[in-house]
Protein chains: 2
Amino acid sequence: MIRFRLDSDQGSPVRERAGVLETAHGQVKTPVFMPVGTQGSVKGVAPRELRETGTQIVLANTYHLHLRPGESTVAQMGGLHSFMGWDGPILTDSGGYQVFSLARLRKVSDEGVTFRSHIDGSEHFLSPEAVIRIQQALGSDVMMVLDECPPSDTDRPGIERAVRRTAHWASRCRQEAGLLPEGRGLFGIVQGGVFPDLRRESARLTVDIGFDGYAIGGLGLGEDRAEMLSAVEAVTSSVPEDKPLYFMGLGTPAEILAVVARGVDMFDCVLPTRLGRHGTVMTRLGNVVVRNAAYAGDDGPLEEGCDCYACRGFSRAYIRHLISAGEILGLVLCTHHNLRFLHRLTMEAREAILAGDYREWMNDVLARLRRGGVRSTR
Amino acid sequence: MIRFRLDSDQGSPVRERAGVLETAHGQVKTPVFMPVGTQGSVKGVAPRELRETGTQIVLANTYHLHLRPGESTVAQMGGLHSFMGWDGPILTDSGGYQVFSLARLRKVSDEGVTFRSHIDGSEHFLSPEAVIRIQQALGSDVMMVLDECPPSDTDRPGIERAVRRTAHWASRCRQEAGLLPEGRGLFGIVQGGVFPDLRRESARLTVDIGFDGYAIGGLGLGEDRAEMLSAVEAVTSSVPEDKPLYFMGLGTPAEILAVVARGVDMFDCVLPTRLGRHGTVMTRLGNVVVRNAAYAGDDGPLEEGCDCYACRGFSRAYIRHLISAGEILGLVLCTHHNLRFLHRLTMEAREAILAGDYREWMNDVLARLRRGGVRSTR
């Protein structure tokens, strides 16, 4: 089990909150952004650098690690923390999302899902029980249930089916996990597409089973922003307020702030690492495509006022040079900055929540992001 | 000018020696291995990590930096030290080797060399004076003269021509550089292929001009080892013993130790970074191709007894997983280790020289390297 303590009040309707998650590998202060270490490595960033950016908890993908190197290898090496050299908390997803988005030739039944590996085409079967056993072998602090994550264009009957199947699988996952030791937990996942009533129904079914936390799955897949937010509100008003709430696969700074305002505590996204690898950096004035020729003579840092290693030691001109010359270090520095950017953003969000002026702070941040468009800081 | 102090005696015939080079950006203890930062970055390694591996001095390529981003951009950013965030000594080559190996459509005359950029095909001209001006704009601590580096299959008359032209260019470089401030120096380059008499002739011509140090160019290009060593000996016996001697583009641990035994003080090579990027690590028992499946379950470090960041924190199994999964961190960790490996090797060589038992130490290291073949350390 995982303890979660709220440091701030939560009103009705549900609004922003600050909390602390107690895991077997340390505390996590929320709201928190979790960098994605898909294959047991946050792309381009060593564990000590993760710490330096302010990373509190890392997400790892069960699907990827199951296929390569396999959970038995990881377990043999002392578990994922030891394997990847990260002694902080780790959340593992169940692999459901990847099976439904990456793998080929899926056959889904109530028993589980049969799929072919995106790496070598080999056939695999994942049941709700198997994904729990895999996550336990990895040594995860926060495990996720197997869920059915239907494509965003699925019709209502398809979404209803996914809600029922997700609840059925969640129950089997809960059973398989049994009583978890202090600091280890299992989160349920709420599906339901953009239908508020299905979201409420899915939340009710999931909460009835009882989990250490709840997650919102199947959103942030390109749906309308208003639809997304009303689906979130349907969930936040249907899960217990004393449990952490995790929005899977979010997102942009604006999206994060909007869902924090609705009571969401945790997020993960490949955005900062993916943008970094493509030479784009996140700033309070919007994204800066530092690979652009415009920055070739810019002696300012990636972002004025940032305290990250990249901003303290290097100019945009140098990083732009590295990227255009194909040097790995350029992408590494951009990624490092982007992680620090999101951690500072959520850290400031937490401070604003505790100070009671989150809305004002958020509106100010959003206004600057929208104005954005500033090419150079000098 | 650059001061060089010998901490050990040098016998006759010339043998191993330990010295200290005093540059404007600090001391360099020799023998020293210089990592190659071709484009203003040692591939995959940030400056603070270079320090951590024990790097004392970095080499940067004038040819590459001239073409991209251009020395004027670098100068505008405060010079190469500031641009790349490295406050230690920097040696820049003259670009000669790259013009003769990388660029296309070369036209060489006594005036200089016309070539086309390997990046965009644009035409450029480099004169002896120009390469000095470029290196001064970069802010180099140790500059190199422009030399003609003929292909290894060049006949004797071709090598003779290169020796004469290199001496002519060296004289013009020396003139252009003028009187250099304390801690900044210019090295001459000795050519002459594998012909000991031409090496002696080239050394004589170069020493007559007078430089802060001397370099051996045009070796390590695939020639026979015995030929290489006798060419080295022809040079070491023809240059002043109180000046540093630099073998350009060496090499493997065995080659480095062999030329140290003949009085060479400085080396550079892309080997540790290139091997690292291909998932091969250097060890005292020979190279280990850690990407091989044999290491998938190996919980030992890259090299037993190594104190580098990769060896302290990660298993071969993890690094092998990263490499086979295409994760950047795998190559970064291998590169980090390889640099540390060569720095430890040359540091130990220095200690052995000062202790007076270099030959014994070297023979022991070479014997272990030859035995090698050890797959796993556990």
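**Note on the predicted two-chain model**

1. Apart from its neighbours within four places in sequence, Thr114(B) is in contact with Arg106(B), Lys107(B), Glu123(B) and Phe125(B); two residues are in contact if their C-beta atoms, placed from the backbone, lie within 7 Å. Thr114(B) belongs to strand β9 (residues 112–116) of chain B. Strands (E, at least two residues) and helices (H or I, at least four) are DSSP runs, numbered from the N terminus. Ser127(B) is 13 residues from Thr114(B) in sequence, and their C-alpha atoms are 8.8 Å apart in space.

2. On provenance, this is a predicted model in which local features need pLDDT of at least 70 and side-chain atom pairs count only at pLDDT 80 or more, whereas totals for chains, interfaces and linings use all residues. Residues are numbered from 1 along each chain as its sequence is written, while chains are lettered from A and ligands numbered from 1 in the order in which they are written.

3. Within chain B, helix α7 (residues 156–177) and helix α8 (residues 196–209) pack at an angle of about 10 degrees, with their axes 9 Å apart. Axes are lines fitted to C-alpha atoms, for helices over the stretch in contact, and angles run from 0 to 180 degrees between N-to-C directions. α7(B) and α8(B) are therefore roughly parallel, a term for angles under 35 degrees. Among the residues making the contact are Ile159(B) and Val163(B) of α7(B), and Leu198(B) and Leu205(B) of α8(B). The contact residues divide into 7 nonpolar, 4 polar and 3 charged. Here Ala, Val, Leu, Ile, Met, Phe, Trp, Tyr, Cys and Pro count as nonpolar, Asp, Glu, Lys and Arg as charged, and the others, Gly among them, as polar.

4. Between the chains, 28 residues of chain A are in contact with 28 residues of chain B. On the chain A side, α3 (71–76), α4 (80–84), α13 (316–324) and α14 (328–355) each supply at least two residues. α13(A) gives the most, with 4 residues. This side comprises 13 nonpolar, 11 polar and 4 charged residues.

5. The same surface serves both copies, since 100% of the contact residues of chain A recur in chain B.

Methods:
Parallel < 35°, antiparallel > 145°, perpendicular 65-115°, else oblique.
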